[in-house]
2 protein chains.
Amino acid sequence: MARDGTQTRNRILDSAFALALEKGLAATSLDQVIGNADITKGAFFYHFKSKEDLALALVRHVAELDRQQTEAMVKRVEELSRDPLQQVLLACSLTADLVAPSEPNPGCLFASYCYQGDLWSEDARKICETSFRAQAAWIEGKLKQAVKKHNIKPPVSPAQLAQMFLSVFEGAFVLARTYNDASLFRKQIFAYRDMLEALFTAR
Amino acid sequence: MARDGTQTRNRILDSAFALALEKGLAATSLDQVIGNADITKGAFFYHFKSKEDLALALVRHVAELDRQQTEAMVKRVEELSRDPLQQVLLACSLTADLVAPSEPNPGCLFASYCYQGDLWSEDARKICETSFRAQAAWIEGKLKQAVKKHNIKPPVSPAQLAQMFLSVFEGAFVLARTYNDASLFRKQIFAYRDMLEALFTAR
DNA sequence: TATACAGTACCAACTAGTCGGTATAACTAA
DNA sequence: TTAGTTATACCGACTAGTTGGTACTGTATA
């Protein structure tokens, strides 16, 4: 073995991630990724065989980070409360705190990809879809438990409400960017939270 | 006067719009825009002085189209019902119908721009923000009227609910693209509608 | 007779990607 | 111990092609 290459690989990934959120990967040249990572072209093409390869590796990387983060959050939330509805509400609050109000480029890599045809390969799409489905499935499951436990019939199905979490999540990023105000993200997630609470508490 | 140039100009705009939604304007070359519009380079640079100029003109163009569409919708909705809440609910239904379930590239130009640094100039941002604010303001106003009329205190403020419409709207596009299923847009808008109705009806 | 193009030839800057070479470190055989 | 071997990790000049944009001539239209 020679010196450990995973460090360099991660530097490239981190560099590409930051630039992708800042200006979109399609509009970012490899030279910029390379410069930002403070490596050379040779190093880049040693680790990735093309820009497309990098794009795919990046979305895989981010999906894995998300999975770990979600896993940890679920664990914390299930320790904090035994009530399924409360668990979901807590998860919303923790999610809202993920984006600092001063964040200059709040956003989701998946959303960034899906509006840039080059990167939006079928492979990339599936990775994003899987990631989304996993998150929605957890919320849906908890809400179904809440329906049973509280013996309530919400006006919108748990499945639709779970998807709406993702909609609000993604939409809040777009709003935050358009209004140039990252705090909007937090506010929207909390609005969703409050709304959920009301739907399952009222009556 | 010679022949009317607005036709050609609109052809360019339409071409760029379609390509922007399909693969993002940043990843689209001028040659593609020109080829798609079936004109020549000379014609393009007669109407637009640069790609940036086109990008700005396009977002302005789309914002104007949106404004007209919204204006017409508001008019229809206010004819159909006198109740402010019902007007908002109707507006949701009409909005849901704007995207055909078979639409190959459902999406919002504004969202597409905001994830592509090149195009995301301060000028473009302001145009999107103004467009968003106008829509949210109408919903917020109607919901405030509904609060008074029905003498109800919703768990989330009209302002937040109005912004949530935009969040769901934008997020639904991202979901539709990620799940590769345009019908998700309609479903999410209806879910928002049903939720709104429940919040203002319950108790 | 100015406008609104078509057409084409061209350019400098940038792009993704290649290629020959080098540095490092672990393994191997004398 | 050490000289030689090998694989990995990386360097950076280079290239072929694309990009946005220019320049200029020609022509149909109102």
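How many residue pairs in polar contact does the rule find across the interface of domain 1 of chain A and domain 2 of chain A? In this predicted model, there are two such pairs, both partners in each case being at pLDDT 80 or more.

**Within chain A**

Chain A is divided into domain 1, covering residues 1-48, and domain 2, covering residues 62-201, and the C-alpha centres of these two domains lie 29 Å apart. The contact draws on eight residues from domain 1 of chain A and 10 residues from domain 2 of chain A. On the side of domain 1 that touches domain 2, the residues divide into six nonpolar, one polar and one charged.

**Between chain A and chain B**

The contact between the chains involves 49 residues of chain A and 49 residues of chain B. Within chain A, the residues that lose the most area to chain B are A:Y115, A:T178 and A:Y179, which together account for 20% of what that side buries. Helices 1 (5-23), 6 (109-114), 7 (122-150), 8 (158-178) and 9 (183-201) of chain A each supply at least two residues of the side that touches chain B, and helix 8 of chain A gives the most, with 14 residues. By residue class, the side of chain A that touches chain B divides into 26 nonpolar, 12 polar and 11 charged.

The table sets out the two interfaces.

| Chain A and chain B | about 4,300 Å² | 64% | zero | 16 |

**A positive phi in each chain**

Most residues other than glycine have a negative phi. A:N151, however, has a positive phi of about 50° although it is not a glycine, and its place is in the loop between helix 7 and helix 8 of chain A. B:N151 likewise has a positive phi of about 50° without being a glycine, and this residue lies in the loop between helix 7 (122-150) and helix 8 (158-178) of chain B.

Are these asparagines buried or exposed? With a relative accessible area of 69%, A:N151 is exposed, and B:N151, with a relative accessible area of 70%, is exposed as well. Both values count as exposed because the cut-off for that class is over 50% relative accessible area.

Notes: Residues numbered from 1 in each chain as written. Chains lettered and ligands numbered in written order. Predicted model: local features only at pLDDT ≥ 70, side-chain atom pairs only at ≥ 80, totals over all residues. Heavy atoms only, no water. Contact = heavy atoms within 4.5 Å. Buried area = accessible area lost by both parts, 1.4 Å probe. Salt bridge = Lys/Arg side-chain N within 4 Å of Asp/Glu carboxyl O. Polar contact = N/O pair within 3.5 Å; in protein donor to acceptor, adjacent residues only side chain to side chain. Helix = DSSP H or I, 4+ residues; strand = E, 2+ residues; numbered from the N terminus. Nonpolar A, V, L, I, M, F, W, Y, C, P; charged D, E, K, R; others polar. Buried < 20%, exposed > 50% of the residue type's maximum accessible area, 1.4 Å probe, protein only. Domains from an automatic or database assignment.
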